[in-house]
Amino acid sequence: MRLQKYIAEAQIASRRKAEEMILAGRVSVNGKIITELGTKVESDSDVVRVDDKEIHICEKLVYIMLNKPEGCVTTVKDQFNRKSVMDYVSDVKERIYPVGRLDYDTSGLLIMTNDGELTYRLTHPKHNVVKTYIAHVDRKPDERDMEKFRKGIVIDGRKTAEAEIKIIKEGKLTELEIKIREGRNRQVRKMCAAINCNVVKLKRIATGKLELGELEKGKYRYLDEKEILYLKSL
Ligand code: URA
């Protein structure tokens, strides 16, 4: 971006005033005084100083909820070049990233933000907000299976924390509502497999009280003030 825009976005001065500062020789880029207006700077890598003081663009913090479709990875970059959740938020100009992960074949609620502190807290292993999923499985679990599930079952050599499970609908596939507090790798799929139920379809519908609602698959929306405060309170 142009140097005067960079200075303005760093909230040092208006663009006009920034131009005056540049012409007055008060601005340096990577240690070199620049007096030419319109000089381009890379906001990631160039060091801009005004009156010898380093300045930075403070990016606005944004919080988004995406209804992740199946068939895309949650990582920012994929070694196999598969579709990524980033493709669904490409018109967001801030550099956001996903909070936690959903499997390639899982759909539903994914929070994305550029707030590193919130991401750190929400993804910390000690963090135990309830995540709610709807799972379609190929076998109806009986009461004994569900009791086992609720008490915690061993997956990958370690017992899971207590969880909730209930049958929502019966049919060719059984629809289950599942609530877990941890975020282990493929946890819902593995817990269901441990009671001999194969997950055919999986969707996250809520993180704590934050619900996906009617948000269309592949679409995102900005969280409102109340929702942001709620996430920060967790
Ligand atoms: N549990 C899973 O098995 N997969 C997910 O994507 C999320 C939770």
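This is a predicted model: local features need pLDDT of at least 70, side-chain atom pairs count only at pLDDT 80 or more; totals for chains, interfaces and linings use all residues.
Visitor: Hi! Which residues are around the ligand?
Guide: Happy to list them: Leu102, Asp103, Thr106, Tyr133, Arg186, Gln187, Val188, Arg189 and Leu202.

Visitor: And what lies 2.7 Å from a nitrogen atom of the ligand?
Guide: That is a polar side-chain atom of aspartate 103.

Visitor: What about the ligand's oxygen atoms?
Guide: A polar side-chain atom of threonine 106 is 3.0 Å from an oxygen atom of the ligand. Arginine 186 has a polar backbone atom 3.3 Å from a ligand oxygen.

Visitor: How much of the ligand's accessible area does the protein cover?
Guide: On its own the ligand has 240 Å² of accessible area, and the protein covers 95% of that.

Visitor: Nice. Switching to α4: which residues are buried there?
Guide: Helix α4 runs over residues 143-151, and Asp145, Met146 and Phe149 are buried in it.

Visitor: Why are those on the same side of α4?
Guide: Because the arc they cover around the axis is only 95 degrees.

Visitor: What do they pack against?
Guide: The buried residues of α4 pack against β11 (164-169), β12 (174-180) and α5 (187-194).

Visitor: So what's on the other side of α4?
Guide: There you'll find Arg144 and Lys151, which are exposed.

Visitor: Last one: what happens at the start of α4, and just after it?
Guide: At the start, aspartate 142 has a side-chain oxygen within 3.1 Å of the backbone nitrogen of arginine 144. Just after the helix, glycine 152 has a positive phi of about 110 degrees.

Methods:
Residues are numbered from 1 along each chain as its sequence is written. Side-chain values use heavy atoms; hydrogens and water are left out. Buried means under 20% relative accessible area, exposed over 50%, partly exposed in between (1.4 Å probe, protein chains only). Helices (H or I, at least four residues) and strands (E, at least two) are DSSP runs, numbered from the N terminus. The arc is that of the directions from the helix axis to the C-beta atoms. Contact means heavy atoms within 4.5 Å. A polar contact is a pair of N or O atoms within 3.5 Å; within protein, one must be able to donate a hydrogen and the other to accept it, and residues adjacent in sequence count only if both atoms are side-chain atoms. A residue is near a molecule or strand if one of its heavy atoms lies within 4 Å of it. Accessible areas come from the Shrake-Rupley method with a 1.4 Å probe; for residues, only the protein chains shown count as cover.
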